[in-house]
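Please look over the sequence and the model below before reading on.

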Amino acid sequence: PLILANAGSGYTLNANIDVDEVKNLISGFDYDGTDVNHGFGAGGAINMVVNQAPLAAGIGANQYFIVQMNGVPINEVEEADEAIDGSIDPVTGRMFYRGTGNCARDNSLAAAPGGAALAAGTSNVNVCYAANLIQ
(Lines give C-alpha, C1' and ligand atoms only; values in the text may rest on other atoms or scores of the structure.)
Protein backbone atom coordinates (compact mmCIF):
# COMPACT_ATOMS: atom_id res chain seq x y z
CA PRO A 1 0.00 0.00 0.00
CA LEU A 2 2.62 2.64 0.91
CA ILE A 3 0.98 6.08 0.79
CA LEU A 4 -0.96 5.07 -2.30
CA ALA A 5 -1.65 1.52 -3.43
CA ASN A 6 -0.32 -0.27 -6.51
CA ALA A 7 2.99 1.52 -6.52
CA GLY A 8 4.35 -0.89 -9.10
CA SER A 9 8.01 -1.68 -9.47
CA GLY A 10 10.86 0.78 -9.69
CA TYR A 11 11.54 1.13 -5.99
CA THR A 12 12.24 -1.09 -2.99
CA LEU A 13 11.15 -0.64 0.58
CA ASN A 14 13.68 -0.71 3.39
CA ALA A 15 13.81 -4.16 4.99
CA ASN A 16 12.76 -2.77 8.39
CA ILE A 17 9.36 -1.61 7.03
CA ASP A 18 6.47 -3.88 7.96
CA VAL A 19 4.26 -3.64 4.87
CA ASP A 20 1.29 -5.00 6.85
CA GLU A 21 1.40 -1.85 9.00
CA VAL A 22 1.65 0.67 6.15
CA LYS A 23 -1.55 2.71 5.91
CA ASN A 24 -3.09 5.19 3.49
CA LEU A 25 -1.91 8.56 4.81
CA ILE A 26 -3.94 10.73 2.48
CA SER A 27 -7.27 11.63 4.04
CA GLY A 28 -10.32 11.74 1.80
CA PHE A 29 -9.35 8.73 -0.29
CA ASP A 30 -10.69 5.25 0.36
CA TYR A 31 -8.47 2.18 0.48
CA ASP A 32 -10.38 -0.95 -0.56
CA GLY A 33 -7.62 -3.39 0.34
CA THR A 34 -6.13 -3.29 -3.16
CA ASP A 35 -6.36 0.27 -4.43
CA VAL A 36 -6.57 3.76 -3.05
CA ASN A 37 -9.52 5.34 -4.86
CA HIS A 38 -10.42 8.94 -5.65
CA GLY A 39 -13.94 10.37 -5.68
CA PHE A 40 -13.86 12.53 -8.82
CA GLY A 41 -16.77 11.69 -11.11
CA ALA A 42 -17.59 8.00 -10.70
CA GLY A 43 -14.25 7.45 -8.90
CA GLY A 44 -11.29 5.31 -9.84
CA ALA A 45 -7.95 3.96 -8.73
CA ILE A 46 -4.94 6.10 -7.84
CA ASN A 47 -1.55 4.60 -8.67
CA MET A 48 2.00 5.84 -8.20
CA VAL A 49 5.31 5.02 -9.82
CA VAL A 50 8.83 6.32 -9.83
CA ASN A 51 9.62 6.57 -13.49
CA GLN A 52 11.20 8.59 -16.26
CA ALA A 53 8.92 11.38 -17.44
CA PRO A 54 7.48 10.97 -20.93
CA LEU A 55 9.71 12.65 -23.52
CA ALA A 56 6.77 14.48 -25.13
CA ALA A 57 5.95 16.16 -21.80
CA GLY A 58 9.01 18.36 -22.32
CA ILE A 59 10.03 18.37 -18.65
CA GLY A 60 13.30 16.48 -18.99
CA ALA A 61 14.27 12.83 -19.01
CA ASN A 62 14.76 12.53 -15.25
CA GLN A 63 13.02 10.19 -12.83
CA TYR A 64 9.82 11.55 -11.27
CA PHE A 65 7.33 10.40 -8.69
CA ILE A 66 4.27 10.11 -10.96
CA VAL A 67 0.72 9.85 -9.63
CA GLN A 68 -1.96 8.44 -11.93
CA MET A 69 -5.71 8.80 -11.31
CA ASN A 70 -8.02 6.76 -13.52
CA GLY A 71 -11.44 7.85 -14.75
CA VAL A 72 -11.32 11.56 -13.88
CA PRO A 73 -13.85 13.87 -15.63
CA ILE A 74 -12.15 15.82 -18.43
CA ASN A 75 -13.51 19.20 -17.27
CA GLU A 76 -11.78 18.77 -13.88
CA VAL A 77 -8.55 17.65 -15.54
CA GLU A 78 -8.48 20.56 -17.99
CA GLU A 79 -9.04 23.05 -15.17
CA ALA A 80 -6.17 21.53 -13.18
CA ASP A 81 -3.96 21.30 -16.28
CA GLU A 82 -4.37 25.01 -16.99
CA ALA A 83 -3.64 25.90 -13.36
CA ILE A 84 -0.54 23.68 -13.17
CA ASP A 85 0.94 23.99 -16.67
CA GLY A 86 -0.56 27.28 -17.86
CA SER A 87 -2.41 25.71 -20.80
CA ILE A 88 -4.71 22.82 -21.64
CA ASP A 89 -2.61 20.17 -23.37
CA PRO A 90 -2.93 16.41 -22.73
CA VAL A 91 0.63 15.70 -23.89
CA THR A 92 2.90 18.52 -22.69
CA GLY A 93 3.74 19.57 -19.14
CA ARG A 94 3.81 18.03 -15.68
CA MET A 95 0.14 17.02 -16.06
CA PHE A 96 -0.57 14.69 -18.97
CA TYR A 97 -3.52 12.45 -19.73
CA ARG A 98 -5.14 10.06 -22.18
CA GLY A 99 -8.59 8.64 -22.84
CA THR A 100 -7.59 5.04 -22.21
CA GLY A 101 -4.51 3.18 -21.07
CA ASN A 102 -1.72 3.83 -18.67
CA CYS A 103 -0.02 7.24 -18.80
CA ALA A 104 2.42 6.51 -15.96
CA ARG A 105 4.16 3.29 -16.99
CA ASP A 106 3.95 0.65 -19.72
CA ASN A 107 6.01 -1.78 -17.65
CA SER A 108 8.76 -1.70 -15.07
CA LEU A 109 11.47 -0.99 -17.66
CA ALA A 110 9.74 1.55 -19.90
CA ALA A 111 9.59 5.30 -19.66
CA ALA A 112 6.15 6.72 -18.98
CA PRO A 113 4.15 6.64 -22.23
CA GLY A 114 2.54 9.95 -21.33
CA GLY A 115 -0.54 11.68 -22.64
CA ALA A 116 -2.33 11.39 -25.94
CA ALA A 117 -4.67 13.46 -28.09
CA LEU A 118 -8.26 12.90 -27.04
CA ALA A 119 -11.08 11.71 -29.24
CA ALA A 120 -13.99 14.14 -29.58
CA GLY A 121 -16.51 13.63 -26.81
CA THR A 122 -14.08 12.05 -24.33
CA SER A 123 -15.64 12.54 -20.90
CA ASN A 124 -13.21 10.74 -18.55
CA VAL A 125 -9.45 10.36 -18.76
CA ASN A 126 -6.57 8.67 -17.00
CA VAL A 127 -4.50 11.60 -15.75
CA CYS A 128 -0.88 11.66 -14.56
CA TYR A 129 1.02 14.27 -12.64
CA ALA A 130 4.83 14.22 -12.52
CA ALA A 131 5.01 15.46 -8.96
CA ASN A 132 8.50 15.28 -7.45
CA LEU A 133 11.79 15.11 -9.29
CA ILE A 134 13.60 12.08 -7.88
CA GLN A 135 16.88 12.30 -9.82
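## The sheet and its strands

Strands β3 and β4 run antiparallel and are joined by 7 bridges; strands here are DSSP runs of E with at least two residues, helices are runs of H or I with at least four residues, and both are numbered from the N terminus. Two strands count as paired if DSSP finds at least two bridges between them. Within this pairing, Met48 has Val67 of β4 as its bridge partner. This is a predicted model, in which local features need a pLDDT of at least 70, side-chain atom pairs count only at pLDDT 80 or more, and totals for chains, interfaces and linings use all residues. Residues are numbered from 1 along each chain as its sequence is written, and side-chain values use heavy atoms, with hydrogens and water left out.

Altogether, 6 strands form an open sheet with antiparallel pairing, in the order β1-β2-β3-β4-β6-β5. Its edge strands, β1 (30-31) and β5 (95-98), each pair on one side only. Strands of a sheet pair through backbone hydrogen bonds, either parallel or antiparallel.

## Neighbouring pairs

Strand β2 (residues 36-38) pairs with β3 (residues 44-52) over 3 bridges, in the antiparallel sense, and Val36 stands opposite Ile46 of β3. Between β4 and β6 there are 8 bridges, again antiparallel; here Ile66 stands opposite Ala130 in β6, while Pro73 has Asn124 of β6 as its bridge partner. Strand β6 also pairs with β5, in the antiparallel sense and over 4 bridges, with Met95 opposite Tyr129.

## Helix and pocket

Helix α1 lies across β4, β5 and β6, and runs at about 155° to β5, where the angle, on a scale from 0 to 180 degrees, is taken between N-to-C directions of axes fitted to C-alpha atoms, for helices over the stretch in contact.

The largest pocket has a volume of about 200 Å³, which is the space filled by probe spheres set on grid points joined across faces, edges and corners. A pocket is an open set of points on a 1 Å grid over the protein atoms alone, where a 1.4 Å probe fits and protein lies on both sides within 12 Å along at least five of seven lines; lining residues have an atom within 4 Å of a point. Of the 13 lining residues, the closest to the centre of this pocket are Phe40, Met69, Ala80, Met95 and Val127.

## Confidence

The protein chain averages a pLDDT of 79, and 74% of the residues score at least 70; pLDDT is the predictor's confidence in each residue, from 0 to 100.

Notes: Contact means heavy atoms within 4.5 Å.
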